[in-house]
Amino acid sequence: MSVMVARKKVVRKWEKLPGRNTFCCDGRIMMARQKGIFYLTLFLILGTCALFFAFECRYLAVQLSPAIPVFAAVLFLFAMATLLRTSFSDPGVIPRALPDEAAFIEMEIEATNGTVPQGQRPPPRIKNFQINNQIVKLKYCYTCKIFRPPRASHCSICDNCVERFDHHCPWVGNCVGKRNYRYFYLFILSLSLLTIYIFTFNIVYVALSESGCGVLGWDCSQAVPLTLLTVLEVLICFFTLWSVVGLTGFHTFLVALNQTTNEDIKGSWTGKNRVQNPYSHGNIVKNCCEVLCGPLPPSVLDRRGILQQEESTAPDESCPRGPSAPEPAGGQGEESLTAAFSLQVPAPPLSSAEMPEEKQQTSGELPVPPQDAGQAEH
């Protein structure tokens with residue numbers, strides 16, 4: 001006997017979030033959809049460090065100091081931890097307005113601007129907000145249907161408004177915003193130190209190997225393939241060094257001014273207006289402490305929150321009988337089933353003259369119409 005069983009499927013909020021993001025581990029990991037360059041970043045870091053630990057570190061630890069591989073391992077682990085923290089976290093995405101909220105905002109805008117005649121361009125949707133005695137404009141996002149908070153911007157790649165938006169970094173596979181900027185800065189800083197460290201000791205290794213194979217205790221034939229791999233590491237570090245160190249210096253300048261890359265590119269606090277940055281404390285130490293050591297706000301997305309429960313019905317072939325309902329005996333069970341079925345089958349209509357005969361029938365039998373009535377109907 002098959003029974004339809006209703007099963008509830010839990011739908012979490014990350015499954016219905018708009019925007020171009022990918023989620024893993026039940027919404028715990030959030031990244032952009034374009035992750036190809038992020039995999040290239042992992043390959044370059046892991047490949048270069050693997051070659052350095054496999055070949056140069058073994059010799060340098062014995063001939064120079066055992067602390068060389070230890071410091072290299074610390075820098076490598078710190079760089080990887082900050083990279084993954086930057087790539088897998090919510091950068092500060094602002095939720096989009098619900099339909100009721102969007103309709104209310106539209107009514108407010110229409111009430112403020114009034115009706116615009118056809119053919120005329122509507123006025124810009126801007127709200128003025130005062131920060132440190134200075135007027136800051138809050139712009140309206142037509143995609144998210146909200147007035148963006150100060151320093152927020154809409155990322156065209158992830159299709160989300162991000163709080164304190166800095167830039168979208170394809171090397172980490174995510175946007176860089178308020179909730180992961182400090183980890184991004186620590187990542188490029190540690191990667192710069194790691195690149196300089198490996199590059200320096202590769203040069204030392206090449207210089208020692210070229211000075212004479214007898215010092216190394218190896219045969220020259222064995223040192224040649226190792227030196228070729230070292231040259232490969234030197235080339236990778238050389239071309240990486242300029243970009244990473246330059247990027248670290250640029251972001252150090254921005255942190256000291258409490259400014260974002262987006263604001264620097266747009267010239268928000270420079271140029272013709274000569275508007276002073278209202279977010280700067282006028283002190284490098286205070287700006288660095290606010291950006292790198294300030295309180296980290298929680299995510300407002302609530303990615304793992306339960307959105308709704310979808311009910312799905314599925315047939316269940318097994319219908320176990322409860323312990324409180326014992327199985328009846330063979331004869332009594334058949335009689336009870338027959339009696340229950342007889343209550344559900346309607347009897348054919350009978351005339352008033354045949355009613356006394358029907359009353360004489362037992363309750364366990366089905367009423368059978370007489371033969372004469374059947375012939376009359378035919």
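His-154 stands opposite Cys-161 in strand E9. Strands E8 and E9 (residues 160-162) run antiparallel and are joined by 3 bridges; two strands pair if DSSP finds at least two bridges between them. The open sheet to which they belong has 3 strands in the order E4-E9-E8, with antiparallel pairing.

The model is predicted: local features need pLDDT of at least 70 and side-chain atom pairs count only at pLDDT 80 or more, whereas totals for chains, interfaces and linings use all residues. Residues are numbered from 1 along each chain as its sequence is written, and side-chain values use heavy atoms, without hydrogens and water.

Helices H1 (residues 36-63) and H2 (residues 67-88) pack at an angle of about 170 degrees, their axes 10 Å apart; the axes are lines fitted to C-alpha atoms over the stretch in contact, and angles run from 0 to 180 degrees between N-to-C directions. H1 is therefore roughly antiparallel to H2, a term for angles over 145 degrees. Residues in contact (heavy atoms within 4.5 Å) include Phe-38, Leu-42 and Phe-53 in H1, and Ala-72, Phe-76 and Leu-84 in H2. By class, this contact of H1 with H2 has 19 nonpolar (Ala, Val, Leu, Ile, Met, Phe, Trp, Tyr, Cys and Pro), 2 polar and no charged (Asp, Glu, Lys and Arg) residues, polar covering the others, Gly among them.

Of its 378 residues, 34% are buried, meaning under 20% relative accessible area with a 1.4 Å probe, protein chains only.

Note on methods. Helices (H or I, at least four residues) and strands (E, at least two) are DSSP runs, numbered from the N terminus. Angles under 35 degrees count as roughly parallel, over 145 as roughly antiparallel, 65 to 115 as roughly perpendicular and the rest as oblique. Buried means under 20% relative accessible area, exposed over 50%, partly exposed in between (1.4 Å probe, protein chains only).
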